[in-house]
Amino acid sequence: MEANELKDLEYIKKLSTQYLNILKPAADKSCNAEIKVLNYSELGCVITSMLKLCIMALENDTDNKSSIDVGLVLEQALHLFPTDEMELLDVINEILIKE
């Protein structure tokens with residue numbers, strides 16, 4: 001590499017560490033983005049709002065040219081759904097029923 005190319009590459013690396021910090025590399029060569037919520041109630045509101053958005057987009061999509069990618073929004077809502085926590089609630093509920 002020429003000196004200018006190395007200088008440009010170092011500058012890009014410096015910029016990337018300063019600005020590119022939303023996506024975190026994952027083990028399977030994909031990336032993770034973190035969503036911050038206050039608690040499970042807020043997470044539930046986020047998921048509910050995303051689902052309502054999809055319903056509205058599908059109801060108003062008469063010409064099939066919606067600017068909302070409903071599939072993408074539903075996929076993200078699915079990733080946000082607290083499955084492990086729901087399993088924990090099932091275990092707790094079973095314990096309470098037995099008593």
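Leucine 43 is buried, because its relative accessible area is 10% (buried means under 20% relative accessible area, exposed over 50%, and partly exposed in between, with a 1.4 Å probe and protein chains only). This residue belongs to helix α2; helices (H or I, at least four residues) and strands (E, at least two) are DSSP runs, numbered from the N terminus. Between the C-alpha atoms of leucine 43 and phenylalanine 81 the distance is 8.2 Å, although 38 residues separate the two in sequence.

The model is predicted: local features need pLDDT of at least 70 and side-chain atom pairs count only at pLDDT 80 or more, while totals for chains, interfaces and linings use all residues. Residues are numbered from 1 along each chain as its sequence is written, and side-chain values use heavy atoms, with hydrogens and water left out.

## The nonpolar core

Which residues form the largest nonpolar core? The nine are Leu43, Ile47, Met50, Cys54, Ala57, Val70, Val73, Ala77 and Leu80. A nonpolar core is a set of buried Ala, Val, Leu, Ile, Met, Phe, Trp, Tyr and Cys residues joined through side-chain atoms within 4.5 Å. Helices α2 (40–59) and α3 each supply at least two residues of this core, and α2 gives the most, with five residues.

Glutamate 59 is located in helix α2. With a relative accessible area of 59%, glutamate 59 is exposed. The C-alpha atoms of glutamate 59 and alanine 77 are 19 Å apart, and the two residues are 18 apart along the chain.

Histidine 79 has its place in helix α3 (residues 70–80). Its relative accessibility is 58%, so histidine 79 counts as exposed.

## Two surface patches

Patches are made of residues with over 30% relative accessible area and no salt bridge; like charges are joined within 9 Å, and nonpolar side chains (Val, Leu, Ile, Met, Phe, Trp, Tyr) within 5 Å. A salt bridge is a side-chain nitrogen of Lys or Arg within 4 Å of a carboxyl oxygen of Asp or Glu. Accessible areas come from the Shrake-Rupley method with a 1.4 Å probe, and for residues only the protein chains shown count as cover.

A nonpolar surface patch consists of Phe81, Met86, Leu88, Leu89, Ile92 and Leu96, with about 560 Å² of accessible area together. Leucine 96 lies in helix α4 and counts as exposed because its relative accessibility is 53%. Asp84, Glu87, Asp90 and Glu94 form a negative surface patch; Asp and Glu count as negative, and the place of a charge is taken as CG of Asp or CD of Glu. Aspartate 84 is in helix α4 (residues 83–98) and, at 59% relative accessibility, counts as exposed.

## A loop residue with positive phi

Where is lysine 29 placed? Lysine 29 is in the loop between β1 (23–25) and β2 (31–33), and it counts as exposed at 83% relative accessibility. The phi of lysine 29 is near 70°, a positive value in a residue other than glycine. Most residues other than glycine have a negative phi.
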